Amino acid sequence: MSRYLEMVDAPLHVKKLTLTQLHEFAAEIRRELITVLAKNGGHLGPNLGVVELTLALHYVFNTPKDKFIWDVSHQIYVHKLLTGRKDRFHTIRSTGGLSGFAMRSESEHDCYGAAHAGTALSAALGIAAARDQRGSDENVVAIIGDAALTNGISFEAMNNIAQTTKKFIAILNDNEWSIAKNVGAISGYLNKLITHPSYNKLAKDFERFVRRLPKGELALKLAHKAEEGFKGALTEVGLEPSRSTMESDGRGGYGNSLIFEEMGIRYLGPIDGHDLPLLISTLEFAKACDHPIVIHVLTKKGKGFEAALKNPEKFHGLGPYDVATGATAPTKPGTPPNWQDVFGNAMVKLCQKDNTIVGITAAMPTGTSLKILEKAMPNRYYDVGIAEEHAVLFACGMATMGYHPVCAIYSTFLQRAYDCIVHDAALQDLPVIFCMDRAGLSPQDGPTHHGLFDISYVRSVPNCIAMAPKDEDELVDMMFTATHEKHPAFIRYPRGPAEGVPIKEQPKLLEVGKAEIIQSFSSAGSRKIALFPLGNMMSLGRKVAAQLAAEGCDVAIINPRFVKPIDAGTTEFFGRTADIVVTLEDHVLQGGYGSAVLELFNDKRVTTPVIMVGWPDQFIEHATSVDDLRKKYGLTVENTVSRVKAELAEIAAPAERRSGLVVA
Ligand SMILES: Cc1ncc(C[n+]2csc(CCOP(=O)(O)OP(=O)(O)O)c2C)c(N)n1
């Protein structure tokens, strides 16, 4: 650990440092980030970009009393280093270690947890409203990225800020990037602000003004003048926006039409987000303002690491890399293609054959691999920004015009669009296709990112078809099938390498609601076990089958394919012929595939015991790997086999003991 990192362990210590020391400290923090993340992976670029901003925030404000609400909170690593967590920083995103996001349970300095975009302004406003209700005086600061600002909820919050509170600080951390380059009109608007000469002049004037005042004097002056302070300060340096200096540019206008000002939020900026004294003075200024204020801060994603500066998208979030060059390990030869790439390539093929198919992403072109379609057929590709609800409604609109839109959205982010799924896609029975990426675990990210609820939330909605492929060839078949359907269709698949099976040249139409029997009972073995491994649980299912067979069981394997409609005939048949049924799913057990089987058995009066393997009714933490979590929660071959054996023993026990009449 370096000099200042060794000494600074709390925000209080940051305030003791001189400017020169803060600059040295910033460099040390960057070295720490680059070194630790080279091993653990993580959100390097965003954190390198906010080093000075985070130092300035802790220099000016006092957490935990003052509240910092970070949007997404993937840029919170520096804050963690400054708030008593530096000794555990090397554990970030690993089993038992620090989370990569803000967590209320991790530190009193994390007042609000997050990892989905667009929540900060609303949550911060709620905190400010509670403060006003109880009459306390905490400062509330929301830190939000330029891409998160494009999110609908952010605008819902902005619409509500001025009427709710007088003291509210938003920091707009503008680095021009989402994960990929930020898209849409808001991003264009921010870009106009950055480059507009009038605003740059205002920002420069303001900068001169705050730099002139000795530390503390500005805050004092403004505190006394309260609401008048801001206006006074502006007038003093000619900053008062007026029609004469801020004429409309004919494309929506500036000056008095500045979007934030129109919403009753003072706008200050754009200012250099790496200029520590300027940041400190500006935050002091904001602290003294008795009016909601947004400070537009310009930062460089990846600052201080050449490779990250050159490739902001890759270094937004990545796995381990070479600390000197930033190079990531090449994929091992023979590794199967990622599910995502299979999806992206299949999209191109499907689009080439069918003019009604289009692809839609909500700011995840690389994560979902829909960028493959963008490259091949840009006119069939839409990136709507971080706007999952809009993505689904947009798709619904297209579907009413005869199109087959494919929404490639992570299972966890699709949760946000649930009402659009129910009220728009399902109720109107529109043929929108949902490719639910990251269905299963996102181990290093943790509970905010695991995709473990989609079966439950889709299965309860009429008209929906829900499926899960056992391998990449079946994924393409399912996509092909979905494009021939007249109903909303959902396909779930996990992150990372698929199974390594060849993909047919021509995909085949699957019969909707029909399972695939991989292996039937053979009449060998005395005890019959029917395994129903859903989707990517097939490989685990096969291993369980092999071990049970080795122990003398007669094992059938059924690939369910469809969770909704479930294959009632096949499931009932195996339910009646087996001694034990085992369902395996990479999903929470409540309302999942196993639940669907139980509901069916209840309907049909099938009484065969069902062992359900899946995730329990709790939020699953982050960990280094999927294996770590599967081991901990018993989604393993060993645990499944031992549960089957225990159940077999139970079945074999005398009836009185089973009914609890005899205590063993
Ligand atoms: C609802 C939702 N959709 C998608 C994502 C994936 N995501 C994580 S960070 C990010 C980009 C955030 O960009 P910005 O807010 O500008 O912050 P920066 O990383 O540039 O600092 C996206 C799209 C998410 N976290 N939440």
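**Entry 1: the second largest cavity**

I began with the lining of the second largest cavity, which I found to be made by Leu121, Ile144, Leu149, Met158, Ile161, Ala170, Leu172, Phe260, Ile265 and Val294. I note at once that I am working on a predicted model. Sorted by class, this lining comprises 10 nonpolar residues, with no polar and no charged residues. When I asked which elements contribute at least two residues each, I found helix 8 (152-164) and strand 3 (169-174). The volume I recorded for the second largest cavity is about 60 Å³, and my search of the whole structure returned seven cavities of 30 Å³ or more.

**Entry 2: Asp272**

I then looked up Asp272, which sits in strand 4 (residues 266-272). Setting aside neighbours within four places in sequence, I list Leu278, Leu279 and Leu298 as the contacts of Asp272. I also checked Asp272 against Ile386, 114 residues apart along the chain, and noted 25 Å between their C-alpha atoms.

Next I traced an open sheet of seven strands, whose order I wrote down as 7-6-8-9-11-10-15, with mixed pairing. At its edges I found strand 7 (381-383) and strand 15 (562-564), each of which pairs on one side only.

Helix 17 (residues 388-400) I found lying across strand 6, strand 7, strand 8 and strand 9, at about 165 degrees to strand 8.

**Entry 3: the five-stranded sheet**

I followed another open sheet, of five strands in the order 12-14-13-16-17, and its pairing is again mixed. Why does one side of strand 12 (516-519) and of strand 17 (610-615) lack a neighbour in the sheet? I found that both stand at the edges and that each has a single partner strand, so one side of each is left without a neighbour there. From one strand to the next, the twist I noted averages 20 degrees. Strand 13 (residues 527-533) pairs with strand 14 (residues 553-559) in the parallel sense over five bridges, and I took down Ala556 in strand 14 as the bridge partner of Ala530. Helix 26 (residues 637-652) lies across strand 13, strand 14, strand 16 (580-588) and strand 17, and I recorded about 145 degrees between helix 26 and strand 16.

**Entry 4: the second largest pocket**

Helix 26 came up again when I turned to the second largest pocket, where helix 22 (538-550), helix 25 (626-633) and helix 26 each supply at least two lining residues. The largest share, four residues, comes from helix 25. I recorded about 610 Å³ of space in this pocket and 22 lining residues, of which Asn536, Ser539, Val626, Asp627 and Arg630 lie nearest its centre. By class I divided the lining of the second largest pocket into 10 nonpolar, four polar and eight charged residues.

Terms used:
Residues numbered from 1 in each chain as written. Predicted model: local features only at pLDDT ≥ 70, side-chain atom pairs only at ≥ 80, totals over all residues. Heavy atoms only, no water. 1 Å grid on protein atoms, 1.4 Å probe; cavity = no way out; pocket = protein on both sides within 12 Å on 5 of 7 lines; lining within 4 Å. Points joined across faces, edges and corners; volume = space filled by probe spheres on them. Nonpolar A, V, L, I, M, F, W, Y, C, P; charged D, E, K, R; others polar. Pairing = 2+ DSSP bridges. Contact = heavy atoms within 4.5 Å. Axes fitted to C-alpha atoms, helices over the stretch in contact; angles between N-to-C directions.
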